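Welcome, and thank you for taking a look at this protein with me. Have the sequence and the 3D view ready, and we will go through them step by step.

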Amino acid sequence: LNNITEDGVGTALQLDEESAVLYVMGSFERLSQTKEKCLGLAAFEIEEERWTCLAESKHTVEPTGGGNMLLTPYGLMVAGRVSGEDTTWPYPERPYTIALLKTSIKTVKTVKTPTADKT
């Protein structure tokens, strides 16, 4: 994966419509737009057209297939194999994990409109 424009594949996508953020998990090592090293987990802010790497070397989780990511009201859940030389995962004999990442999902506000009096 040395070609920056063909660095890997996305294996899971989650869209936060309210926040206009697309989360991408997969087998890739960098963000093409910024050329920043990014090991398999990123977010694309749609309105700003900006990529942000969510992977951190101490907590890298590589996908083991498709469907390894779920956006919940509590955050972004990712599942996969723990990897990397800098990992803080203390159980090498059990290399698979589920991680919950905090996200800033916007809450929907309900606005009541006044109704006309029908009398």
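**A walk through the model**

The structure holds one disulfide. Its partners are cysteine 38 and cysteine 53, whose sulfur atoms lie 2.3 Å apart. Please keep in mind as we go that what you see is a predicted model.

Now let us step back to the whole protein. Its secondary structure comes to zero helices and eight strands, and reading along the sequence gives the pattern β-β-β-β-β-β-β-β. There are 119 residues in the protein, and buried residues make up 30% of them. The accessible surface comes to about 8,600 Å², and carbon and sulfur atoms account for 53% of that area. If you take the contacts between residues at least 6 apart in sequence, 38% of them join residues at least 24 apart.

Next, look for charged partners. A search of the whole structure finds one salt bridge. Which residues form this salt bridge with each other? They are arginine 50 and glutamate 45, and their closest N and O atoms are 2.8 Å apart. Arginine 50 has a relative accessible area of 42%, so it is partly exposed.

Aromatic rings come next. Searching the whole structure turns up one aromatic pair. It consists of phenylalanine 44 and tryptophan 51, with ring centres 4.9 Å apart and planes at 45°, so the pair is tilted. The label follows because planes under 30 degrees apart count as stacked and those over 60 as edge-to-face, with the rest called tilted. Tryptophan 51 has a relative accessibility of 27% and therefore counts as partly exposed.

Leaving out residues up to four places away in sequence, valine 9 touches Gly26, Ser27 and Phe28. The C-alpha atoms of valine 9 and valine 24 are separated by 9.6 Å, and the two residues are 15 residues apart along the chain. With a relative accessible area of 49%, valine 9 is partly exposed, because exposed requires a value over 50%.

Our last stop is on the surface. Here Leu70, Tyr74, Met77, Ile98 and Leu100 form a nonpolar patch, and together they have about 560 Å² of accessible area. One of these residues, methionine 77, lies in strand S7 (residues 75-82). Methionine 77 has a relative accessibility of 34%, so it counts as partly exposed.

Methods:
Residues are numbered from 1 along each chain as its sequence is written. This is a predicted model: local features need pLDDT of at least 70, side-chain atom pairs count only at pLDDT 80 or more; totals for chains, interfaces and linings use all residues. Side-chain values use heavy atoms; hydrogens and water are left out. Buried means under 20% relative accessible area, exposed over 50%, partly exposed in between (1.4 Å probe, protein chains only). Contact means heavy atoms within 4.5 Å. Patches are made of residues with over 30% relative accessible area and no salt bridge: like charges are joined within 9 Å, nonpolar side chains (Val, Leu, Ile, Met, Phe, Trp, Tyr) within 5 Å. Accessible areas come from the Shrake-Rupley method with a 1.4 Å probe; for residues, only the protein chains shown count as cover. A salt bridge is a side-chain nitrogen of Lys or Arg within 4 Å of a carboxyl oxygen of Asp or Glu. Helices (H or I, at least four residues) and strands (E, at least two) are DSSP runs, numbered from the N terminus. Rings of Phe, Tyr and Trp (its six-membered ring) pair if their centres lie within 6.5 Å; planes under 30 degrees apart count as stacked, over 60 as edge-to-face and the rest as tilted. A disulfide is a pair of cysteine sulfur atoms within 2.5 Å.
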